[in-house]
Amino acid sequence: MAASMGIYFDQTRCTGCYTCVVACKDWYDIAAAAVNLMRVSCIERGTFPDLFAAYLASPCYHCAQPPCIAACPAAAITKRAADGIVVVDRDQCVGVDHCPHKCLKACPWNAPQFGPEPNAKMQKCELCLDRLASGRQPVCVDACPMFALDAGPLEALQARYGDGREAEGFKFRKRFNPSAIFKPKTE
Amino acid sequence: MAHLPSASTPPDDGVTIVNTGCCHDCGGRCVLKAHVKEGRIIRFESDTGPEPQIRACARGRAYRQRLYSPERLKYPLRRVGARGQGRFERIGWDEALDTVADQLKRVKTTYGNAAILFLPGAGNQGILHGPTAPGMMLQAFGGFTRYWGIPSYEGALFASMATYGTIRTGHSRDDLLNSKLIVMWGWNPANTVWDPETSLAVAKARENGARIVAVDPRHTDSVATFAHQWIPIRPGTDAAMLIAMAHVIIAEGLLDRAFIEKYTVGFDAYRDYVLGKSDGVAKTPGWAEPITKVPADVITGLARAYATQKPAALIAGWGPARTAMGEQYSRAANVLCAMTGNIGIPGGYAAGFMRAYSSRETGHLMKKDPGKQIDKSKGIPSANPVENGALPRPDTLYKLSGGTNATSARIHQGRIWDAILRGRAGGYPTDLKMAYIVASNCLNQYPNANRGAEALRSLEFVVVHEQFMTPTARFADIVLPVNTFMERSDIAPPWLGSPYYIYLNQAVAPLHDTKSDLEICRALAPRIDVPADFFNMNDEQILRLFASRRKDIADFDTMQRDGVLKIKLPEPIVAFREQVADPDHHPFPTLSGKIEIACDHLAEMENPRIPAVPQYLGHPEHFDTPLAQKYPLQLLTAHSKVRTHSTLERVPWLQAMEDHGAWIHPVDARARQIENGDAIDIFNDRGRVRTTARVTERIMPGVVNVCQGAWYTPDESGVDVGACANTLTRDEPSPGGAFPMNSALVQVARVSRQPQEDQ
């Protein structure tokens, strides 16, 4: 069977600089706000002066059993056999006027994204598959000033980084089996 | 369009990749590869080349939205409304330049060159474009009055010169791997960059087992990411904690006596101050606790750790020195490094100004001979005719060379507005009549913006070179539209001390009817009868000339082709390695040849506000003054991660990342019925800003943070609805020149539905 591509995130290194977010916006020429194929969220706990803060970078985690695919009424979302990358066929997507964001509601990590335009169709991180095809890493991976991101076959990521499947702000869902490896931040 | 030697095989049809970079004053200079299609940049990549990669941050990656912003200035403008009102009409270049030339000649003839105020800024940081050429032109025109003092670092610079006689006190970042303990004191490289590889180096040092302690009033991104321990400290009291740490180290015998004996002068005087022999007050951790709000046992613990876990790097950020008595904090940090012998060794750090690789002087290799200082007491030589021969200013380290701005012909940047308004009658060296402003949003970035607006209104003529209609440009009579570094070629030296250069190849033709600052000078010089020899060289000829003066640029063509020159160092840069290894042949570049814990040059000033040894000193707007009854909160004006000072202010991708707003602790918010997201006013006697409350545990109670750089936008009632931090800041520098940007007292109030009834 072909390799299933996944993403690695070293949460201990992420400073919340948003470079991955902006690099993705620039590469795909996506306007501010609205659609964010990569998102960075901040997790904060505690009261002064005993505080904890971490950041979580959220692209699509390209689940082994993607809930978005199960939720889509139009079969617009597929998981590629060759590499496991979850892609959307925007011609197939019926748009938000005809489907109440079912894929977005099904995804615990908000990977399906919709713009403000009428009958917006779903967009999502497809792991820069064109860049992968030409031997380059996804733009977020190549952009990160902290070298906190990596992408590759899940087995290779596990061999290199271990098998951390959870992080601050990220709960592993066994039935979806997201293709994500983490070095989580701990208090 | 210019010849593009960096063009490489395009990955898609019709796309050319131009090797260029980003060079604003953010703390980095980074690689950008522009993907150009049909004369337009369609996207960027950053460094994908050999290590160490110099990767751009979000600011650089967002550059297309700045370059192609609909708000770019497109053609020359002439003011038609009242000054500052922001009403302009389009004019042609000839008319604009003739007007500027006529005004320059008129002011020169009527008042003399000293009446011309030149305000260069850091909006562009290439070695060619920006204020370089206008400065040369105005110098050839007979000179001008300019400022001394840089807001970012003047306190740290003064302290570095007084203690070490140099600003080259830093180590290259790879040396952090040799540190057992790293103290990040008011230092937030995750947001302020401090050279592009710095945050990665700190992360690697932590992964390598270094313990990291952060001292900061805010739980910054750097604190959250790197620090094992966070010590929140009351703003403006850092010197007190450092002095109390010195007390612990002295009292417990944790000193490096051999180092003190061999490499320093004046330790006894400092010891007497610390122990209270000179003033009856022992500067114990118990003394410091109520001042700093840091528990005494925490101060003691850090002092012991720092003195015993060697080598330890005390990285003293510039923010705590941007306070009313800022140089005292920097001096106290430097002296602590010396007392513990953490200087000149791998893994140590000397604090100070912290330049490491100095491109300008081909760096750490240059030696100074303190015996060959010229006597400047009778007048200081200068290439600027207005300054040439002026006597040294009081309270300057004029006997030292490098890094000091000693001439009395200059005006402290923080006092520019006052100098415009009061001139000679106010004790300033001249009466100022016109301002020539290049790459500077000075109205926004100098302290006390409302007074700045008053001052700019009072001038006879203001010309501004700009890319956007900034708050400063709104006060111009003539605005000359300037292009960006994507539209011209330049070289960017590293920001502070990393061994590399960026070559910025022009990626696209200049947009609209814009010119470079250099092109403007080419057209203006003949109009003011300035010899145009220099300006008639083309850009690349000048860049080759500049590069030829730097020993570390051996191969211009390769640098130009690659867009970057990475210099391999045989070993990490360690400041003062030679001075410590071989002191007989390598004295410190001070007057004594040693590290000056007590500094005779300071003692000669006989100014109790600038003592020979570092001291904790208060000031009229400190937390413990009567003014704090009226304005009980201390204002911080930190750097935003989505702007570079006031540059990149209106870039939608960056604006979407983080709102401008004020950090306030829940305790302070609750006391004022403020909830997260509420509109609030922050005010003092200097002004009032309106912004959004960000109620967060990540700032200590009693402190409010408004990131500097948001654009000053007074409404009809004078409320700055842009929430520029400098609407609130003090414009009274310290004797050493520190800018008190982090020493303002303020009050905060929720904006009610009827704001006028709120008062």
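Reply: A word on conventions comes before the features. The model is predicted, so local features need pLDDT of at least 70 and side-chain atom pairs count only at pLDDT 80 or more, while totals for chains, interfaces and linings use all residues. Residues are numbered from 1 along each chain as its sequence is written, and chains are lettered from A and ligands numbered from 1 in the order in which they are written.

Me: What is the secondary structure of chain A, and how does its radius of gyration relate to the globule rule?

Reply: Helices (H or I, at least four residues) and strands (E, at least two) are DSSP runs, numbered from the N terminus. Chain A has 6 helices and 7 strands, in the order β-α-β-β-α-β-β-α-α-α-β-α-β along the sequence. The radius of gyration is taken over C-alpha atoms, and the globule rule is 2.2 Å times the number of residues to the power 0.38. For chain A the radius is 16 Å, close to the 16 Å given by the rule for 187 residues, so the chain is as compact as a globular protein of that length. Its C-alpha trace spans about 50 × 40 × 30 Å along the principal axes.

Me: What are the corresponding values for chain B?

Reply: Chain B contains 26 helices and 26 strands. Its radius of gyration, 25 Å, is close to the 27 Å that the globule rule gives for 759 residues, so chain B is as compact as a globular protein of that length.

Me: Which domains does chain B have?

Reply: Domain bounds come from an automatic or database domain assignment. In chain B they give domain 1 (77-152 + 380-493 + 509-551), domain 2 (154-360 + 573-603) and domain 3 (627-758). The centres of domain 1 and domain 2 of chain B, taken over C-alpha atoms, are separated by 36 Å.

Me: Which residues touch the most other members of the largest nonpolar core?

Reply: In soluble globular proteins, nonpolar side chains tend to be buried together. A nonpolar core is a set of buried Ala, Val, Leu, Ile, Met, Phe, Trp, Tyr and Cys residues joined through C-beta atoms within 7 Å. The largest one has 308 residues, and those touching the most other members are Ile182(B), Val183(B), Met245(B), Leu314(B), Val704(B) and Val746(B). Helix H9 (residues 238-251) of chain B supplies the largest share, 10 residues.

Me: Where do the buried residues of helix H20 of chain B lie around its axis?

Reply: An α-helix has 3.6 residues a turn, so residues three or four places apart point the same way. In H20 (residues 539-548) of chain B, Ile542(B), Leu543(B) and Ala547(B) are buried. Viewed down the axis, the buried residues fall within an arc of 135 degrees (that of the directions from the helix axis to the C-beta atoms), so they line one face of the helix. Gln541(B), Leu545(B) and Ser548(B), on the other side, are exposed.

Me: How many residues of chain B are in contact with chain A?

Reply: Two residues are in contact if their C-beta atoms, placed from the backbone, lie within 7 Å. Here 34 residues of chain B are in contact with 27 residues of chain A.

Terms used
Buried ≥ 20, exposed ≤ 12 C-beta atoms within 10 Å, placed from the backbone.
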